[in-house]
Amino acid sequence: MRTPIVAANWKMNGNIQLLESFAKQSWNTRSAQVIWGLPSIYLVKAKQLGLSALAAQDVSAHEKGAYTGELSAEMLQEVGCEYVILGHSERRSYHQEDEALLVEKCKQLKKQGLKAIYCIGESLEEYENQQTDEALKRQLDPIIEAGLLDEQSVIAYEPVWAIGTGNTATLKYAQTVHAKIRNMLKEKYATIAPSIRILYGGSVKADNASQLFSGEDIDGFLVGGASLEIQSFQGIIEAIS
Ligand code: PGA
């Protein structure tokens, strides 16, 4: 039995006032685990305000040292962070993050006992050229081959064409892709693949969450825009409860 996850990804949005108003709410965590992917600078405050299951949105590939501006896995762990969103398409495209780098980042997480929310997904061009399978393989295989996944790992399937566009994938398409991802996991991790949560991300809203969640291999959501507004985020959690 996989406990569903609804994970917020605030990206570079929000402020302390918004964080305080989120922390004041009571969140329904009976049927889903709620994860807070916040700007790292707010993680300490979030913890003080009582939010748990905190996620950073990036981590350094290095353990420590002269890497100005970076945050190590150990630092994130020290302030109570449990998860790190890795390989989001915005990091892949704006910061040229590739699989080789992500493998290194994943190793740092593992050393510190942090859990990855590892993002994969095809671009619009790949989608239009029916190259989704190749894209997923390219992004997932190196992490699988390096033996970096365990039962606690989370995969987020986010078709790039669906992120922030309002073009949510259909249930049929998303479920088909999720099942393929689970099969890819099974090849190497036969025993744990059935336990790994595979989230869908890309224009998830309260009004499409319930239908998407009916997909057998859709174990919850990674939510961008709709996680910045209390009611819409609550609506998504309620939709799968
Ligand atoms: P979105 O973003 O919900 O705004 O489409 C999802 C994400 O990028 O994680």
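User: Starting with Asp133: what's its relative accessible area?

Analyst: Asp133 comes out at 38%, so it counts as partly exposed. Bear in mind that this is a predicted model.

User: Which residue does Asp133 form a salt bridge with?

Analyst: Its partner is Lys180, and the closest N and O atoms of the pair sit 3.0 Å apart. Lys180 is in helix H8 while Asp133 is in helix H7, so the bridge ties together parts that are 47 residues apart in sequence. Lys180 is partly exposed too, with a relative accessible area of 36%.

User: OK, back to H7. What does Arg138 pair with?

Analyst: Arg138 forms a salt bridge with Glu126, again with 3.0 Å between the closest N and O atoms. Glu126 belongs to helix H6 (residues 124–128) and Arg138 to H7, so this pair links parts 12 residues apart in sequence.

User: Is Glu126 buried or exposed?

Analyst: Buried, because its relative accessibility is 14% and the cut-off for buried is under 20%. Arg138, at 42%, counts as partly exposed.

User: Where do Glu104 and Lys107 lie?

Analyst: Both are in helix H5 (residues 99–111), 3 residues apart, which is about one turn of the helix. Glu104 is partly exposed at 33% relative accessibility, and Lys107 is partly exposed at 36%.

User: Changing topic. Which side chain of opposite charge is nearest to Glu158?

Analyst: Lys11, at 6.3 Å. Glu158 is buried yet has no salt bridge, since a bridge needs a side-chain nitrogen within 4 Å of a carboxyl oxygen.

User: Where does Glu158 lie, and what is it in contact with?

Analyst: Glu158 is in the loop between strand S6 (154–157) and helix H8 (171–188). Leaving aside neighbours within four places in sequence, its contacts include His88, Cys119, Ile120, Gly121 and Ile163. Gly201, Gly202 and Leu222 are also among them.

User: What about Lys11, where does that lie?

Analyst: Lys11 is in the loop between strand S1 (5–9) and helix H1 (16–24). Its phi is near 55°, a positive value in a residue other than glycine.

User: Now Phe233. Which residues does it touch?

Analyst: Quite a list, with residues up to four places away left out: Val6, Ala7, Ala8, Phe22, Trp27, Val34, Trp36, Val223, Ala226 and Ser227. Phe233 is in helix H10 (residues 230–239), and its relative accessibility is 0%, so it counts as buried.

User: How many residues apart in sequence are Phe233 and Leu38?

Analyst: 195 residues in sequence, with 14 Å between their C-alpha atoms in space. For the chain in general, take contacts between residues at least 6 apart in sequence: 71% of these join residues at least 24 apart.

User: Let's zoom out. How many helices and strands are there?

Analyst: The chain has 10 helices and 8 strands. Its C-alpha trace spans about 45 × 45 × 35 Å along the principal axes.

User: What radius of gyration does the chain have?

Analyst: It has 17 Å, which agrees with the value near 18 Å that a compact globule of 241 residues would have. Of those residues, 50% count as buried.

Technical notes. Residues numbered from 1 in each chain as written. Predicted model: local features only at pLDDT ≥ 70, side-chain atom pairs only at ≥ 80, totals over all residues. Heavy atoms only, no water. Helix = DSSP H or I, 4+ residues; strand = E, 2+ residues; numbered from the N terminus. Rg over C-alpha atoms; globule rule 2.2 N^0.38 Å. Buried < 20%, exposed > 50% of the residue type's maximum accessible area, 1.4 Å probe, protein only. Contact = heavy atoms within 4.5 Å. Lys, Arg positive; Asp, Glu negative; His and termini not counted.
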